[in-house]
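Here is a short report for a reader new to this structure. Start with the picture, then read on.

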Amino acid sequence: SEQAQLREDAEDEVAEHRQDIAEQACDRLELDTTVELLKKERDQLRFSLARSKADLETSEEKLRDSERALARRDQLADRPAATIAAKERKIQLQQKQIDEKAQLI
């Protein structure tokens with residue numbers, strides 16, 4: 001009977017050990033699955049980051065192009081304004097000269 005009890009205890013211990021091994025295998029499989037999902041997510045994030053960086057570079061390039069075009073337009077707009085101002089000064093000077101001559105006459 002003592003031997004039967006020892007055998008039963010040993011069988012219970014073996015069954016417990018097998019259960020622990022099965023649980024560890026399940027845990028390991030779950031961890032492996034989680035690791036694979038995290039690796040896949042990491043790769044997707046890296047790809048997304050690379051695409052975002054490329055989009056940012058493109059946007060920055062477009063912004064620089066737009067700023068250059070705006071600066072050129074500003075320069076072109078300033079030229080006629082400067083020309084008009086010079087002509088107005090010339091007209092005012094001529095008008096002053098005419099007025100001075102009219103006073104002499």
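Buried residues make up 1% of the 105 residues in the protein chain. This is a predicted model. The chain exposes about 10200 Å². Carbon and sulfur atoms supply 54% of that area.

**Overall form**

The secondary structure is quickly told: 1 helix and 0 strands. Helix 1 covers residues 2-104. Along the principal axes, the C-alpha atoms fill a box of roughly 150 × 20 × 5 Å. The radius of gyration is 45 Å.

**Charges**

How many positive and negative side chains does the protein chain have? There are 20 positive and 26 negative ones. The centres of these two sets lie 24 Å apart.

Some negative side chains gather in a patch on the surface. Its members are Glu8, Asp9, Glu11, Asp12, Glu13, Glu16, Asp20, Glu23, Asp27 and Glu30. Take Asp27 as one of them. Asp27 sits in helix 1. Its relative accessible area is 46%, so Asp27 is partly exposed.

**Salt bridges**

Side chains of opposite charge can pair when their charged atoms come close. The structure holds 4 salt bridges. The table includes three of them.

| Salt bridge | N to O distance | Relative accessibility |
|---|---|---|
| Asp32 and Arg28 | 3.3 Å | Asp32 35%; Arg28 54% |
| Arg42 and Asp43 | 3.6 Å | Arg42 40%; Asp43 42% |
| Arg68 and Asp65 | 2.3 Å | Arg68 44%; Asp65 36% |

Where do Asp32 and Arg28 stand relative to each other in helix 1? They are 4 residues apart, so about one helical turn separates them. Asp32 counts as partly exposed, while Arg28 counts as exposed. The cut-off for exposed is over 50% relative accessible area.

Arg68 and Asp65 are 3 residues apart in helix 1. Here too, the separation is about one helical turn. Arg68 is partly exposed. Asp65 also counts as partly exposed.

Arg42 and Asp43 meet through their side chains. Is Arg42 exposed or partly exposed? At 40% relative accessibility, Arg42 is partly exposed. Asp43, at 42%, counts as partly exposed as well.

**In brief**

The model shows 1 helix and 0 strands, with buried residues at 1%. A negative patch includes Glu8 and Glu30. The salt bridges number 4.

Notes. Residues are numbered from 1 along each chain as its sequence is written. This is a predicted model: local features need pLDDT of at least 70, side-chain atom pairs count only at pLDDT 80 or more; totals for chains, interfaces and linings use all residues. Side-chain values use heavy atoms; hydrogens and water are left out. Helices (H or I, at least four residues) and strands (E, at least two) are DSSP runs, numbered from the N terminus. The radius of gyration is taken over C-alpha atoms; the globule rule is 2.2 Å times the number of residues to the power 0.38. Buried means under 20% relative accessible area, exposed over 50%, partly exposed in between (1.4 Å probe, protein chains only). Accessible areas come from the Shrake-Rupley method with a 1.4 Å probe; for residues, only the protein chains shown count as cover. Lys and Arg count as positive and Asp and Glu as negative; His and the chain ends are not counted. The place of a charge is taken as NZ of Lys, CZ of Arg, CG of Asp or CD of Glu. Patches are made of residues with over 30% relative accessible area and no salt bridge: like charges are joined within 9 Å, nonpolar side chains (Val, Leu, Ile, Met, Phe, Trp, Tyr) within 5 Å.
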